[in-house]
Amino acid sequence: LAAVTDKYALKSVQLTIEATLFAVVLNTIFGLFAAWSITKFQFRGKKVISTLIDLPLTVSPIIAGLIFVLTYGRQSDLYPLLKSLDIRIIYAVPGIIMATVFVTFPFISREIIPVLTAAGTEEEEAAALMGAKGWTIFSKVTFPHMRWALLYGIVLCTARAMGEFGAVSVLSGHLRGKTNTMPLYIELLYQGYDFTGAFAMSAILVVMAIIILVLRSVLEYRGKKNEE
């Protein structure tokens, strides 16, 4: 109890939740727009966008972290501008959030795209011919098809964001109480031979993961039942 109520432990939980919320919200917005655009419209560069969505799945999280360091670190051409605006990304919370968003980038869109592809475009075209506007078509015709896939993607995105280690580790600087998420804080405790604290924090992360797995199973069951 003392280990999980320590101020640094609570800070790590707070940062993990904060980064996860940002990742889920931003990737939900992007996932909806990307899936809708890729499956319902024809345009130049469509394959390029589809390929870029998968990029975080093919790049090691460590390499992703190093890319952020090269882009926003002291040796970057952007660094003087960031410094003049008093914006810190490396070894700061914005960097943690950006890394978490990047590694969870494809999870929501990749759950929605197959569902909308299978649904086709006939219903949207019929609604458009009957005079329905864009938002009406999306909310009344498109969204019901992808509702369960969206919720399932959000659950997967949440689970991945909470457990992210590689990219966040490179960008965090391991500043205790400032840039340590729960996985990083657990590693810090373990390396400091505080096994009680490490396993106590791990237990919290495991409980959170179990809750997410239960939600995933429920949503998967509801989705299959809805299809039937």
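The side chains of Asp-54 and Arg-110 meet in a salt bridge, at 2.8 Å from N to O. Here a salt bridge is a side-chain nitrogen of Lys or Arg within 4 Å of a carboxyl oxygen of Asp or Glu. Asp-54 sits in the loop between helix H2 (46-53) and helix H3 (55-58), and Arg-110 in helix H7 (residues 107-119), so the pair ties together parts that are 56 residues apart in sequence.

This is a predicted model, where local features need pLDDT of at least 70, side-chain atom pairs count only at pLDDT 80 or more, and totals for chains, interfaces and linings use all residues. Residues are numbered from 1 along each chain as its sequence is written, and side-chain values use heavy atoms, with hydrogens and water left out.

**Salt bridges**

- The count comes to three salt bridges.
- Lys-40 pairs with Glu-124, with the closest N and O atoms 3.3 Å apart.
- Lys-40 belongs to helix H1 and Glu-124 to helix H8 (residues 122-129), so this pair links parts 84 residues apart in sequence. Helices are DSSP runs (H or I, at least four residues), numbered from the N terminus.
- Glu-164 and Arg-160 also form a salt bridge, at 2.6 Å from N to O.

**Exposure of the paired residues**

- Both Lys-40 and Glu-124 are buried. Buried means under 20% relative accessible area, exposed over 50%, and partly exposed in between (1.4 Å probe, protein chains only).
- Asp-54 is partly exposed at 27%, and Arg-110 is partly exposed at 24%.
- Glu-164 is buried at 2%, whereas Arg-160 is partly exposed at 26%.

**Cavity**

- There is one cavity of 30 Å³ or more. A cavity is a set of points on a 1 Å grid over the protein atoms alone where a 1.4 Å probe fits but cannot get out; lining residues have an atom within 4 Å of a point.
- The largest cavity holds about 50 Å³ of space.
- Its lining includes Thr-16, Ala-19, Thr-20, Met-162 and Glu-164.
- Helix H1 (7-40) and helix H9 (134-163) each supply at least two lining residues. H1 gives the most, with three.
- The lining divides into five nonpolar, four polar and one charged residue.

**Surface patch**

- Leu-78, Leu-81, Leu-85 and Ile-87 form a nonpolar surface patch, with about 360 Å² of accessible area together. Patch residues have over 30% relative accessible area and no salt bridge, and nonpolar side chains are joined within 5 Å. Areas come from the Shrake-Rupley method with a 1.4 Å probe.
- Ile-87 lies in the loop between helix H5 (79-84) and helix H6 (93-103).
- Ile-87 is partly exposed, at 40% relative accessible area.

Notes: Patch = residues over 30% accessible without salt bridge, like charges linked within 9 Å, V, L, I, M, F, W, Y side chains within 5 Å. 1 Å grid on protein atoms, 1.4 Å probe; cavity = no way out; pocket = protein on both sides within 12 Å on 5 of 7 lines; lining within 4 Å. Points joined across faces, edges and corners; volume = space filled by probe spheres on them. Nonpolar A, V, L, I, M, F, W, Y, C, P; charged D, E, K, R; others polar.
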